[in-house]
Amino acid sequence: MSILFGVFGLLIGSFVNVLIYRLPISKNIVFPRSSCPHCGRVITWYENIPLLSYILLWGKCRSCHGPISIQYPIIELINGVAYCFLASNYVLQGELLPLVLRALIFSLLTAHIVIDLRHQLLPDGINFFLAIFFFILSILNEQWVMGLYGMALGVALPLLVTYLFYLVKGVVGLGGGDIKLFGALGLFLGPLGIIQNIFFSCLLGSIMGLALILVKALKREKPIPFGPFIITVAGFQIYFPEYFKRLLTLIF
Ligand SMILES: [Zn+2]
């Protein structure tokens, strides 16, 4: 079961690569079929098998021998391993729908991180589907009322902070995509969870920002993508809640 679900994860990982490549340039995510970025030849189904094709083709296009990005097999592998891991934890509880939702949420969050790092963008389409999947999960957990409060707080609190920041410094701190992501996460995390997320992601972001300025990897004025910090903290809250609770008791 876990292995089978892992293979499903490899296939979804392939689709995550399509999202990462096409969403930021507003291309349709289903048509046309993928083609080689070097020679433009349409990629056949047997060149599109997750992991396997990359290995068999030695990371090169079959006709023009242009290099295929190592990012493709890495994303597929991460997805496959994560799905396998999630399934092995969920088999005991025997519920397929929450497992599938949590797995798909993992894939969307992965796409979000890579797109934000590359383009400083958290696409609306991904936030929209995250919100839907989180809301279904909170209905299944009978927590959807708290979820709605969480969403309201997840949007209102960052908006307020951004507004105050704007009044003081005259620059916009958080992007609209960040605020929509907080809203979507609030649907699952609830009011307390989303406050914890906002607190820890801001903390993590500030520490990383300062560290990068210190090693001069970053100009002070240049904004760093904030999505990866939100998602790192959310990842702990969603997939390792007991560790997150233990961390909280250590700090407070
Ligand atoms: Zn080619």
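**View 1. Helices α7 and α8 cross in this predicted model.** The axes of α7 (176-214) and α8 (227-239) come within 8 Å and cross at roughly 115°. Axes here are lines fitted to C-alpha atoms, for helices over the stretch in contact, and angles run from 0 to 180 degrees between N-to-C directions. That makes α7 roughly perpendicular to α8, because angles of 65 to 115 degrees count as roughly perpendicular, those under 35 as roughly parallel, those over 145 as roughly antiparallel and the rest as oblique. The crossing of α7 past α8 is right-handed; a crossing has this hand if the near helix is turned clockwise from the far one by less than a right angle, and is left-handed if anticlockwise. Helices (H or I, at least four residues) and strands (E, at least two) are DSSP runs, numbered from the N terminus.

A note on reading all the views: residues are numbered from 1 along each chain as its sequence is written. Since the model is predicted, local features need pLDDT of at least 70 and side-chain atom pairs count only at pLDDT 80 or more, while totals for chains, interfaces and linings use all residues.

**View 2. Helix α5 packs against α7.** Here the two axes come within 7 Å and cross at roughly 15°. That makes α5 roughly parallel to α7, and α5 passes α7 in a left-handed crossing. Look for Leu130, Ala131 and Phe134 among the α5 residues that make the contact, and for Ala184, Leu185 and Phe188 among those of α7. Two residues are in contact if their C-beta atoms, placed from the backbone, lie within 7 Å. Setting aside neighbours within four places in sequence, Phe134 touches Ala184, Leu185, Leu187 and Phe188.

**View 3. The largest nonpolar core has 51 residues.** A nonpolar core is a set of buried Ala, Val, Leu, Ile, Met, Phe, Trp, Tyr and Cys residues joined through C-beta atoms within 7 Å. Ala111, Leu130, Phe134, Leu185 and Ile230 touch the most other members. Among the elements that give two or more residues to this core are α1 (2-22), α4 (96-119) and α5 (124-140). The biggest giver is α7, with 11 residues. At least three residues come from each of domain 1 (1-94) and domain 2 (122-252), whose bounds come from an automatic or database domain assignment. The C-alpha centres of these two domains lie 28 Å apart.

**View 4. Helices α1 and α4 pack together.** Their axes are 10 Å apart, at an angle of about 35°, and the crossing is right-handed. Gly9, Ile12, Val16, Leu19 and Ile20 of α1 meet Ala103, Ser107, Thr110, Ala111, Val114 and Ile115 of α4. Val100 also lies in α4.

**View 5. Trp58 and His65 sit in a loop.** Most residues other than glycine have a negative phi. Trp58, however, has phi near 55°, and His65 has a positive phi of about 60°. Trp58 lies in the loop between α2 (52-56) and α3, and His65 is found in the loop between α2 and α3 too. Trp58 counts as exposed, with 9 C-beta neighbours inside 10 Å, and so does His65, with 11.

Notes. Buried ≥ 20, exposed ≤ 12 C-beta atoms within 10 Å, placed from the backbone.
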